[in-house]
Amino acid sequence: MASKRDYYEVLGVAKTANAEELKKAFRKQAMQHHPDRNPGDKEAEHKFKECNEAYDILRDDQKRAAYDQYGHAAFEGGRGGPGGPGGAGFDFTSFSDIFDDLFGEFMGGSRGGGGRGGNRGSDLRYNLEITLEDCYRGKAAKIRVPTSIACEACDGSGAEAGAQPIACPTCKGNGKVRAQQGFFTIERTCPTCGGAGRVIEKPCKVCGGAGRTHKEKTLSVDIPAGVDEGNRIRLAGEGEAGLRGGAPGDLYVFLSVKPHRLFRREGQHLHCRVPVSMTTAALGGAVEVPTLDGGQARITLPEGTQTGKQFRLRGKGMPSLQQSGFGAGHGDLYIQVMVETPVKLSKKQRELLEEFAKLDTEESSPESTGFFDKVKEMLGGKAE
């Protein structure tokens, strides 16, 4: 088994660190590696467990004194420590009292770990793909989510109908047990009831005593106008049901936006490349361009419009996402002109273009003339 890192090293503090310094260091580490901020990242999950384990020991004066004298051996097999025989080990639930003590509610929901009300259900993630039009107008979407719900047969209690949980015989209903270690008394979660303080003598036959069953449920998600790639929507209480009547987790809907055929988004602004004929660009004229609301807008091209010329349509971009009472209005739509060179010329068109080429002057093609003059100058006047 791989050796554990020094707890002071895990938190990044000196061995002389006081309680406030330990708390500050743990807060930083826990926020950085919390699973809600690093979904699916096993390394972050390991580091989160590691820093919680370190803080759980070092924040307690008695445990810290034992660790300073004996190191990790003070809490290993046979010594009655957190990793000893019968111990619950370290998991997210056993950390909840530490984390809640520092941060209270995280991401808007109570973390509510173990205890007599049961264990809080896990948060769930749902990936939802929407269109740019959905971002513009907003949308009410229906989603189907496989999850765990409170068992209907036992109403989430985990016990057979008429049966009631009894006090845990190991911890006498306290949810925690104590073990003597020399001069120190170590307290940990009861391994029999998992901290609930109660056990079920006659478990429900439908859910096996878990108090929840698996089911796919349909939910409605209100997507506000102005959302963007990577935004998430929290549905409180729509995650997994908790064990044996515990509070449900939350469901987080992560949004991704399909690429659009015409428009490219940058914040609140939209960009669209519009091809125009060579004659329209040369002679000038009005052009109808699309807008994301399904309509059209007219722009007037001046004579001699070049590729890359940009026109701004105010208020035709994306609506702002209303948050905390600020932000309003729409962004702008930027139309970029792309002059199209004609292809598959007819005989007559070719003749006319050849005639035009004979009449071409430096004044009518200033960009190309200026460019080749610069090339000639760079080459010391040798270009022809």
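Helices and strands here are DSSP runs, helices (H or I) of at least four residues and strands (E) of at least two, numbered from the N terminus.

**Figure 1. Overview of the protein chain in the predicted model.** The protein chain holds 9 helices and 15 strands. Of its 384 residues, 37% are buried. Among contacts with a separation of 6 or more, 64% join residues 24 or more positions apart.

**Figure 2. Helix α3, residues 42-58.** From first C-alpha to last, the 17 residues of α3 reach 24 Å, close to the 24 Å expected at 1.5 Å a residue. Buried positions in α3 include Ala44 and Phe48, and also the run Glu50, Cys51, Asn52, Glu53, Ala54, Tyr55, Asp56, Ile57 and Leu58.

**Figure 3. The N-terminal end of α3, capped by Asp41.** A side-chain oxygen of Asp41 lies 3.1 Å from the backbone nitrogen of Glu43.

**Figure 4. The two faces of strand β14, residues 310-313.** Side chains in a regular strand alternate between the two faces of the sheet. In β14, Phe311 and Leu313 form the covered face, while Gln310 and Arg312 form the uncovered one.

**Figure 5. Pairing of β14 with strand β15, residues 333-340.** The two strands, β14 and β15, run antiparallel and are joined over 4 bridges. Leu313, from the covered face of β14, stands opposite Leu333 in β15.

Notes. Residues numbered from 1 in each chain as written. Predicted model: local features only at pLDDT ≥ 70, side-chain atom pairs only at ≥ 80, totals over all residues. Heavy atoms only, no water. Buried < 20%, exposed > 50% of the residue type's maximum accessible area, 1.4 Å probe, protein only. Pairing = 2+ DSSP bridges. Expected span 1.5 Å × (residues − 1). Polar contact = N/O pair within 3.5 Å; in protein donor to acceptor, adjacent residues only side chain to side chain. Contact = heavy atoms within 4.5 Å.
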